[in-house]
4 protein chains.
Amino acid sequence: MTDKKMWDGRFSGEIDELVLDYTESTEVDRCFYKQDIACSKAHARMLARQGVLTEEEAEQLVHGLDRVRSEIEQGAFVWRKDLEDVHMNVEHRLTELVGKVGQKLHTGRSRNDQVAADFRMYVSEKLESWSAGLWQMIRGLSLQAGAHQETLLPGYTHLQPAQPVTLAQHLLAYVQMFKRDFERIEDCQKRVRVSPLGAAALAGTTYPLDPAFTAAQLGFDRVFANSMDAVSDRDFVLEGLFVAGVIMNHLSRFCEELILWSNPNFGFLRLPDGFATGSSIMPQKKNPDVPELMRGKAGQVLGDLVALFTVLKGLPLTYNRDLQEDKQGFIRTDKCLDSSLRIMAAMTKVLVFDPDRMRRAMKSGFLNATELADYLVHKGLPFREAHRITGRLVALAEDKGLGLEDLGLKELKGVSRVIDEDVYAALDYQAAVARRKVPGGTGFEAVGFQLKEVEKWLEDKKGSCAGGSV
Amino acid sequence: MTDKKMWDGRFSGEIDELVLDYTESTEVDRCFYKQDIACSKAHARMLARQGVLTEEEAEQLVHGLDRVRSEIEQGAFVWRKDLEDVHMNVEHRLTELVGKVGQKLHTGRSRNDQVAADFRMYVSEKLESWSAGLWQMIRGLSLQAGAHQETLLPGYTHLQPAQPVTLAQHLLAYVQMFKRDFERIEDCQKRVRVSPLGAAALAGTTYPLDPAFTAAQLGFDRVFANSMDAVSDRDFVLEGLFVAGVIMNHLSRFCEELILWSNPNFGFLRLPDGFATGSSIMPQKKNPDVPELMRGKAGQVLGDLVALFTVLKGLPLTYNRDLQEDKQGFIRTDKCLDSSLRIMAAMTKVLVFDPDRMRRAMKSGFLNATELADYLVHKGLPFREAHRITGRLVALAEDKGLGLEDLGLKELKGVSRVIDEDVYAALDYQAAVARRKVPGGTGFEAVGFQLKEVEKWLEDKKGSCAGGSV
Amino acid sequence: MTDKKMWDGRFSGEIDELVLDYTESTEVDRCFYKQDIACSKAHARMLARQGVLTEEEAEQLVHGLDRVRSEIEQGAFVWRKDLEDVHMNVEHRLTELVGKVGQKLHTGRSRNDQVAADFRMYVSEKLESWSAGLWQMIRGLSLQAGAHQETLLPGYTHLQPAQPVTLAQHLLAYVQMFKRDFERIEDCQKRVRVSPLGAAALAGTTYPLDPAFTAAQLGFDRVFANSMDAVSDRDFVLEGLFVAGVIMNHLSRFCEELILWSNPNFGFLRLPDGFATGSSIMPQKKNPDVPELMRGKAGQVLGDLVALFTVLKGLPLTYNRDLQEDKQGFIRTDKCLDSSLRIMAAMTKVLVFDPDRMRRAMKSGFLNATELADYLVHKGLPFREAHRITGRLVALAEDKGLGLEDLGLKELKGVSRVIDEDVYAALDYQAAVARRKVPGGTGFEAVGFQLKEVEKWLEDKKGSCAGGSV
Amino acid sequence: MTDKKMWDGRFSGEIDELVLDYTESTEVDRCFYKQDIACSKAHARMLARQGVLTEEEAEQLVHGLDRVRSEIEQGAFVWRKDLEDVHMNVEHRLTELVGKVGQKLHTGRSRNDQVAADFRMYVSEKLESWSAGLWQMIRGLSLQAGAHQETLLPGYTHLQPAQPVTLAQHLLAYVQMFKRDFERIEDCQKRVRVSPLGAAALAGTTYPLDPAFTAAQLGFDRVFANSMDAVSDRDFVLEGLFVAGVIMNHLSRFCEELILWSNPNFGFLRLPDGFATGSSIMPQKKNPDVPELMRGKAGQVLGDLVALFTVLKGLPLTYNRDLQEDKQGFIRTDKCLDSSLRIMAAMTKVLVFDPDRMRRAMKSGFLNATELADYLVHKGLPFREAHRITGRLVALAEDKGLGLEDLGLKELKGVSRVIDEDVYAALDYQAAVARRKVPGGTGFEAVGFQLKEVEKWLEDKKGSCAGGSV
């Protein structure tokens, strides 16, 4: 069962290669090339503005950097892992292209502030993309909610039928979750969009740099306040991973429901073909693969969060190489979250619900029991007593295999004299929903109000999230 | 090695008792009694205002609730775990005290919205206390930084001597971390201080409640938008735990440094007696127990965060009993974090540093090598070349057991002709620090500026964090 | 919304008290008193045997320690947190009782090896208790499996109906999980039951101790091999927490199914009254509270595992105070796991299944589709082709609202000529199960064989797990 | 700061592509091709042996599978992600090569048991490789320990100097950790090397398969006992990840020490050139990059463990698509752990220690204080009293800036009359170490004994771990 090539031939050449693979980060951080080049261009311009470089030198550098970017984007660039990382790869090629002046680019900076700047720009862009994904997700939910304002659904607590709600109300609960996530991203950006450029290795630099200028050029909102913090802070990644973890958790809850509702015993939902797959052995199967996978992927994102927390715990100032382990997790999480949002938004828009199955499930669960209890309270009983009486009537109906609404008035009165003919109106499901007029409740008007609020929100955020292209 | 009482005698009575212990939450949620009673009072007043109760009934309830609170605070209250939780314990005693009207209190609400409200108030108060702790911590750091603006310290990257910095700059890096934490708490509060009262079990209620009134009475900033979300949302706890985790991580980094610096090979620091302990076997020991424990406790808080993430993953709407597992972790984390902040703030204020040991460590680590490289760049060499030349000179000095500043001009010129007499000024540590004038850098002025900013911030936040009592 | 007592009045007395609370561990480790006293008695006897103490002194110590234990067990012992931990509390009281000789007990040992020994004994006992819990759990499952060898159940993959199985086969899958857990505990014990006594603070001791004697007295299986490892190793706790985490995960999967099956849309199960509770607002509810809570508690145990991993990461040798954070998590996990196993074992024995609902669910899900495909393969078609044909027939039946077995022979032949009258026998559910004769499969005989194996296993392990008291 | 291509143009084609990327696993599971083909060959042979296929058909399949393997290994195979996974890719190509008989290969199996078998073989091989890595690591440590049996080192508790030990003893503590890890892998293998083949989709199969034959052909130790468990069990992955997590934690502790010891204030160690790197800005730096990175990677492995725990929690039987998320984490962990072990083993062998620096550190820390206390006990004082007296003498020496051994007899006697001329022998460091004769202690003989045990162990395991090639 084993493969015998391993662990023998321990020549130092082999180990050198292994160490190189172990320590180099080009494989991972080459995806920051755009950010890295943008930072270098801004740095070069700032150096010229401050008189550290001549205008001509800066021009040469900027032009050279543009050429490097072109080469990368045209696939003509040769990445060398012996150059360790994206920064050295870019600078090395730059120097080949522009000559000795290329070496002046690194004046007044260090890879410590450089990588932090690249990564912050990268994270910020990804957060924007997540916001756009959330916008689409919320839009999908609100479209379905709009279409299902009258659709009744058994509301569950403990996965037991509790009270009738509308499908719209249920879907709008998720809208609230994703709106919170959207807010959290906005808050997180305040701490991401801070430029570390100028902190150099850890202590700042002796060159007369203008960090505010570089930051402004690159679209950062703020400049670092302390150079030692600037190069060792990775809170912004932790916070990004946390926000992602919460979003994935919200998605996992929605997935769980899609999986339950697709089970034929529920039958509330038929998953659209593109999002479900068959079985290689069981010809009748239609499996909710996409929601299952997405539910599972919530685990991965939590893992990435834990990993970084553990990396950072107990690290002394300032930069330590452990910090190199900050990127893979974020990149993986971004890939997972961004596609999860896009796919779930698209899927949500085409979900086909089965209101008939929902209604049947609602009826078989005494979902109007609370109505009866409330009815008794309206008749003047204290709530706890009304609760006890209703319990007795539910048991009675269950014994007879009937719904509460099917019990005769005499039977009802037998348990409590205060019950009267008007009880049947109270037991109607539609009416039960209508009666929950409290703001935020499942009543039709309250739901209509929520829907309008969401639409307004979607309109407000449209510009930043979706261009004109929705 | 075993104890033989376990697992035999499996009588159902024993199991019943076991299940009761397993499911009851009074042990944990009784610490919410103040919040629970406050919510009930606000609810009663609102019910009267809306005409659901008479003014007289509301008065009786409010008065009764005040008596329950008194009994609890005087230790006269008998907590019964068979009443399951704080809500039922309070309501049960209330009904004993005020009679049948006590049962009317539960009208239009459910334990689902009640526990969410109690918990949100509780979390919000704890977050305020954490903010106050951060304020003290920042104050402690800024006091020490103020006293050590001239103290030089070897700045480390990779735990290797890198460049000279001031102790003030080092401590102010932590100020930045804790200020971000403070900001994060403010952001988190926006999502904590939302009232769920009125959501009832999951669907809202048929009574003409006024959730906005109750929310305002209790000092909430907003009212829930969707009832199903209101009873199943625990994001606010996750976010609180995350913020706590980040703070503990920051503390753990500081602890790591205190531990390192207390080691006699470093010797930068002597821990104050109250925060270190001896050994039962080794009479010479002075152990940094408090920082060690605090570093360890960062693990616990991460564990609590992971626990809740895992609890919430994949839960269908709305309330599920799994959610009962949301409290212990937060309470534990609060206990840990709040005392960690208080203790570390107090300890920070009385830390005694040893500038002499710091200076010796700085000298033995070629901490002016970067100065030499920069000097060479000022003389017109490209940075990469200056770096190579300096490397050669460091090797030369190391061979001779000297510092760079101890090499003769001839030796220096032997490696690079551009070096001149003015190199010795460049190699001076004090001057090296002074030269790092870039905003946010370790230069004396830049640090002075940071200090003023912190003092302003402390003044601004003083009212909300520390009363007049600092 | 805030409580104003916090964070003011920062008198050093208050801080001292706070630090004492922060660092003392008596609250937690007093639960090791039995182990601590047993270790001390063995140590005293060994010291006498080696001539370090006189026999008389050892007698006095042993006798005194027995008195301390009595006092503790009779509630007469006063625990003092200023004495820091269980060891000092016990020794202090011992010295009060026996005078100056009490101070000699600590000869040749340290709290570092002492706490490790206490904790290892404690963990070992808890692991034994978990094994006993697993035994009960397996017994409960095997009793139910024995009773349901003929009960048919829709087997799910992707929570979609897949193939008919027996309820026995389903329950026996859990037996396999818990048997693996049992094995894992046995493996873990090999690394727990190693005595660290004699390692002293970190380096061993100069007294002529006999660690093998002490270990044997206390029932340990092995003696430590390296003193520095002995005082800093906490792998045994990690491994215990890991094993607990896996068990809780297995329980959480079972809980998920109990919750699903209790939902009226499934209706496969009625939870016994002692393990479900009602709703304070909805009189018809019967909530699966115990399985929900247990599912949630899996999160807590994972949290405890993560916490300890994070504590241990990157700790230099040997003992560090961070290690004090190793106990609470294990104690919490033990409390959770031990009661979970006892409760679930008891619940499993009294679960009432509804075979009729299972059968109905099975029929509505084309659970004999694989049978049809296999039938076609037996008729000579390649599997992939048989799969395609069956798919077409499922679609046909679905359109007509029929089961496959309700399609006429002509209709069947219309899709594939190889189908014949014998197809109906193939489509029978009972027969379908019977046909899966492969060892380990769901066929009746194969299940019967599994059951016998389990009974044999239960018998084998009975002595060690359950005394004669089952 | 943003990239505008995202999230617009939401054409269904684009989504289809996205879903395909999201759900396909070829990218990951193609690394199982060897295992997959081996399983298929064994399955084909078994089918022939049982009469389900003809011998000729089986020959065709086996031959075809060998060709597929060749194509893959020669880079001639075209992986198609639209074929979803490694199984379908292989089977598809097989059918192209051998025609219709290719479709018969899938008879009596499912991707559910197939993927479990592939993965189990893969994990088992990786565990073997880890064992080999541990063997090398232990060998490296024992070589260094052998060379440093006489080298004295300050033993630390709380990172404070405690008692003198030998460097050998310190390194042998790690040997114990890695030996436990080795044992854990052996235990884990018992649960990994179980064949699931024959379980089919979940229920077993109607074909007369012989799972024992297939298992034996593939080198598995056991056959599954329950088909439903066989396809949904992923404990073996969890356990593998846990074992890896513990190993990485052990490595992280060693890394922490290498980093500390490389700091010039310690100076105990000079990292070999191949394992440290320079700075782009600070020419004097020699950074312990490899140990730092390795310490950081411990976080990643913990993250992978948490991820899978979270994926598995609460999953109902049997196979769910969430389980597809089991592979990436293990593959990533394997890559990390396997190279970490190889690199650290190689690095350990070439570490260069500085005994002189160790000795100096030892002297400045009163590392003979325990000796003095023990000396006093030998003179008849109770331990607690001896401890107090020593404490007073340490304070006295500290005040005078002397070591204990430098105090005059008169000064010593001034504090305790029992002290005599022989105290100076007791205070000698070398003698102090020699005196710790207790088995497992730091005494020279005790360490010699440990070393012999390790060498014996290395010899015993040589065959299975290292071929003849060490």
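In this predicted model, 96 residues of chain B are in contact (heavy atoms within 4.5 Å) with 96 residues of chain A. The model is read with local features at pLDDT of at least 70 and side-chain atom pairs at pLDDT 80 or more, while totals for chains, interfaces and linings use all residues. Residues are numbered from 1 along each chain as its sequence is written, chains are lettered from A in the order in which they are written, and side-chain values use heavy atoms, with hydrogens and water left out.

## Interfaces between chains

Chain B and chain A bury about 8,400 Å² between them, and carbon and sulfur atoms give 56% of that area. Buried area is the accessible area (1.4 Å probe) that two parts lose on being put together, summed over both. Of the area that chain B buries against chain A, 9% is supplied by R253(B), L317(B) and R384(B), more than by any other three residues. For chain D and chain B, 48 residues of chain D are in contact with 48 residues of chain B. The area buried between chain D and chain B is about 3,800 Å², with 54% of it on carbon and sulfur atoms.

## Salt bridges

A salt bridge is counted when a side-chain nitrogen of Lys or Arg lies within 4 Å of a carboxyl oxygen of Asp or Glu. Over all chains, the whole structure holds 172 salt bridges. Chain B and chain A have 20 salt bridges between them, whereas the count for chain D and chain B is zero. D187(B) and R191(A) are joined by a salt bridge with an N to O distance of 2.9 Å. Within chain A, R120(A) forms a salt bridge with D233(A), the closest N and O atoms being 2.8 Å apart. R120(A) lies in helix α6 (residues 111-147) and D233(A) in the loop between α9 (227-232) and α10 (235-262) of chain A, so this pair ties together parts that are 113 residues apart in sequence.

## Helix packing

Helices are DSSP runs (H or I, at least four residues), numbered from the N terminus. Axes are lines fitted to C-alpha atoms over the stretch in contact, and angles run from 0 to 180 degrees between N-to-C directions.

| Helix pair | Axis distance | Angle |
|---|---|---|
| α11(B) and α12(B) | within 10 Å | roughly 155° |
| α10(B) and α11(B) | 8 Å | about 160° |
| α10(C) and α10(D) | within 11 Å | roughly 155° |

The angle between α11(B) and α12(B) is roughly 155°, which makes these helices roughly antiparallel, a term for angles over 145 degrees. Their crossing is left-handed, meaning that the near helix is turned anticlockwise from the far one by less than a right angle. Residues of this contact include V290(B), M294(B) and D304(B) of α11(B) and R332(B), C336(B) and M347(B) of α12(B). They divide into eight nonpolar, four polar and three charged; Ala, Val, Leu, Ile, Met, Phe, Trp, Tyr, Cys and Pro count as nonpolar, Asp, Glu, Lys and Arg as charged, and the others, Gly among them, as polar.

Helix α10(B) packs against α11(B) at about 160°, so α10(B) is roughly antiparallel to α11(B). The crossing of α10(B) and α11(B) is left-handed.

F242(C) and H250(C) of α10(C) and F242(D) and H250(D) of α10(D) are among the residues that make the contact.

Conventions:
Helix = DSSP H or I, 4+ residues; strand = E, 2+ residues; numbered from the N terminus. Parallel < 35°, antiparallel > 145°, perpendicular 65-115°, else oblique.
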